[in-house]
Amino acid sequence: MQFVYPAFLFALAALAIPIIIHLFYFRRFRKVYFTNVRFLKEVKEDTSARSKLRNLLVLLARCLAVVFLVFAFVQPFIPQDAEVKQGRKGVSIFIDNSFSMSALSEDVPLLEKAKQRAREVVNAYGVEDEFQILTNDFEGRHQRMVSQEDALALIDEIAISPAVRDLSKVVTRQKQALSTSSADIPSSYIISDFQRNITDIQDFRDTSIQLNLIPLQAVQERNIAIDSAWFEAPVQMIGQNNPLLVRVSNLSDEDADNLRISINYDGQTKPVGAAAIPARSFVVDTVNLIVQNPGWYQGELAVTDYPVQFDDKYFFTFKVADKINVLVINEDQANRYLEAALGGISFFNMTNASSRNIDYSVFADNQLLILNELTSISSGLASELQQFVQNGGNLLIFPARNINLETYRSFLSGFPANEFIGWEDQAREVGQINTEEFIFNDVFENRSANLKMPAPTGNYRQSSFGPRKEEVLLSYRDGNSFLSKYQIDKGFLYVCAAPLNEDYNNLVRNAEIFVPMLYKMALSSGKRKPIQYTLGKDDLIESDHKATGGEIVYKLKGAEEEFIPEQRIVGSKVYLNIQNDVKEAGFYSLFLKQGEQLDQFAFNYDRKESVLDYYNPADLRAYVGSLASVITAADNDVLTARIEERSQGVVLWRWCLILALLFLAAEILLLRFWK
């Protein structure tokens with residue numbers, strides 16, 4: 001047996017008080033008249049023995065009452081574990097408040113049961129201990145240690161949240177908070193349904209913190225979820241069919257038949273169709289969207305499912321540009337074939353510029369830049385072009401016959417891309433088209449048909465460095481590159497090995513290759529603008545920054561709220577840190593001035609919670625092994641006493657207090673009824 005406060009044992013000196021009272025207790029005797037003095041000795045002897053026995057019993061009751069009262073303050077306990085330690089305790093409790101915790105246990109939602117378990121854990125410790133209450137929201141007020149009373153108040157305020165965290169991140173936050181505590185003994189508790197896709201604590205190896213897991217079991221439910229949606233093409237066009245692919249998953253063990261999928265788009269709700277999804281599988285359906293006007297569009301996909309409904313809707317936004325701008329930078333005169341190819345498409349806006357008079361500020365307004373046979377590239381132009389590609393632009397290079405090799409080498413190595421080594425006067429013919437790549441993947445109905453291939457009479461020989469990640473679009477019969485592609489950050493660089501001039505290259509005569517090549521290059525994008533963001537995952541979003549002068553404060557507005565996010569402007573971009581500001585899925589508009597919409601964003605709940613696959617207590621014990629203790633209890637059981645025994649051993653102070661009261665009651669009964 002050990003004591004929590006052994007120093008209080010000095011109070012046992014109070015045993016001297018009842019002993020002193022017993023020794024100096026002189027009672028006044030009454031006169032008793034006897035008719036016969038021969039009975040006097042017998043009565044005196046009998047009365048003295050009875051009085052002595054009663055006084056000794058009263059003394060014993062008083063002493064034992066004092067002893068057990070002192071023991072109640074000393075708080076004795078029997079250790080159940082050799083590692084039970086004495087001192088103030090720091091306790092971190094994580095309550096899982098994600099969407100899956102809204103499922104029912106036997107009588108109440110899991111979140112209410114989790115809050116009840118958290119209260120029981122807090123009550124198992126003393127008022128002098130420190131507590132952290134943590135949820136998936138990772139709020140600032142949950143990052144510090146508080147008193148027992150404040151911890152109980154924080155537990156009462158917890159509500160369901162769209163945020164979901166991996167348990168490894170939760171344990172890291174708990175360790176950070178406990179490291180700031182002044183308590184002597186740190187321990188942490190995780191109260192959750194322990195979904196398999198978030199339970200990743202197998203690498204937890206901190207022996208200084210006792211990790212305890214309290215699993216809660218929900219009634220198993222079926223669930224159908226819209227996982228994701230994406231456009232097949234990187235750019236949506238006016239008057240064109242824009243295929244939207246939708247992935248719907250069946251996350252239960254039962255087949256789903258005749259599942260209805262609908263879309264709310266352009267102010268109308270239309271059925272997409274009915275789908276049959278096998279158990280634990282998914283289907284990908286196609287929705288064809290045709291837009292007639294430029295501007296922003298909002299869409300909402302939906303399936304009908306019960307009882308898990310947070311993942312039944314999927315919001316997305318996209319913008320249709322009025323024109324696709326192409327800037328051609330020429331050394332001398334404009335190329336009539338480029339003008340014919342791009343000018344013949346109504347939604348392309350082509351502009352020619354001279355290399356001697358370039359306005360760098362207009363680069364950002366164009367989706368595609370074409371360098372048409374420049375003999376050299378200045379350092380200033382090279383820097384602007386690299387920044388243009390890195391920010392998501394597309395650059396196509398046709399070299400001149402007599403280029404300055406040094407300037408081109410410096411320019412291409414800066415991306416980096418394979419460099420021009422020297423000119424070769426050798427007739428070659430393109431032998432292969434990469435139809436698996438976006439530029440040519442849907443151009444030819446019959447890929448095996450005999451196409452007329454470009455046959456340049458001369459070209460530049462190029463270096464070949466594997467780390468530069470060249471993707472060959474058109475190659476010669478000997479395997480060398482004729483047209484190459486490089487992804488540079490958010491944009492693409494396209495390099496042709498031959499000039500565009502007909503004297504050296506007949507590419508412009510091959511319309512079935514030349515025209516779709518230019519078209520797809522203008523539409524391509526190294527990093528597409530997301531059609532949606534995920535709450536709790538995509539905290540940093542990006543938009544174009546074009547405002548100048550004055551105080552610039554971007555605002556986000558949803559259906560029911562408006563707020564100013566944390567923002568940082570870097571060049572032509574503004575980065576918005578939304579963190580926990582957006583709490584509801586839906587559409588949000590970005591603006592500087594009321595009524596002037598600059599951008600639109602769609603937010604959806606994280607689909608991690610859609611997979612209703614949990615660890616049961618037995619599997620959880622096998623998974624964590626010796627890393628953590630798994631505490632289980634029936635729904636109606638109270639954990640307080642069990643937590644006390646785990647953290648403090650078998651606590652005896654309550655029994656000591658009860659025994660002290662019993663002996664005080666025995667003293668009262670002896671004095672009252674033993675005359």
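## A buried phenylalanine, a helix pair and a sheet

Phenylalanine 94 lies in strand β3, residues 89-95. Strands are DSSP runs of E with at least two residues, and helices are runs of H or I with at least four, numbered from the N terminus. This is a predicted model, where local features need pLDDT of at least 70, side-chain atom pairs count only at pLDDT 80 or more, and totals for chains, interfaces and linings use all residues. Residues are numbered from 1 along each chain as its sequence is written, and side-chain values use heavy atoms, without hydrogens and water.

Is phenylalanine 94 buried or exposed? Phenylalanine 94 counts as buried because its relative accessibility is 0%. Buried means under 20% relative accessible area, exposed over 50%, and partly exposed in between (1.4 Å probe, protein chains only). Leaving out residues up to four places away in sequence, its contacts include Leu134, Tyr189 and Ile190. Contact means heavy atoms within 4.5 Å. Isoleucine 190 is 96 residues away along the chain, yet the two C-alpha atoms are separated by 4.8 Å.

Next, the helices. Tyr337, Leu338, Ala341 and Leu342 in α6 meet Phe514, Val515 and Leu518 in α9.

| Helix | Residues | Residues in the contact |
|---|---|---|
| α6 | residues 336-343 | Tyr337, Leu338, Ala341, Leu342 |
| α9 | residues 511-523 | Phe514, Val515, Leu518 |

Now the strands. Strand β26 (residues 555-557) pairs with strand β30 (residues 586-591) in the antiparallel sense over 3 bridges. Two strands pair if DSSP finds at least two bridges between them. Lysine 557 stands opposite serine 589 in β30.

Definitions and conventions
Axes fitted to C-alpha atoms, helices over the stretch in contact; angles between N-to-C directions.
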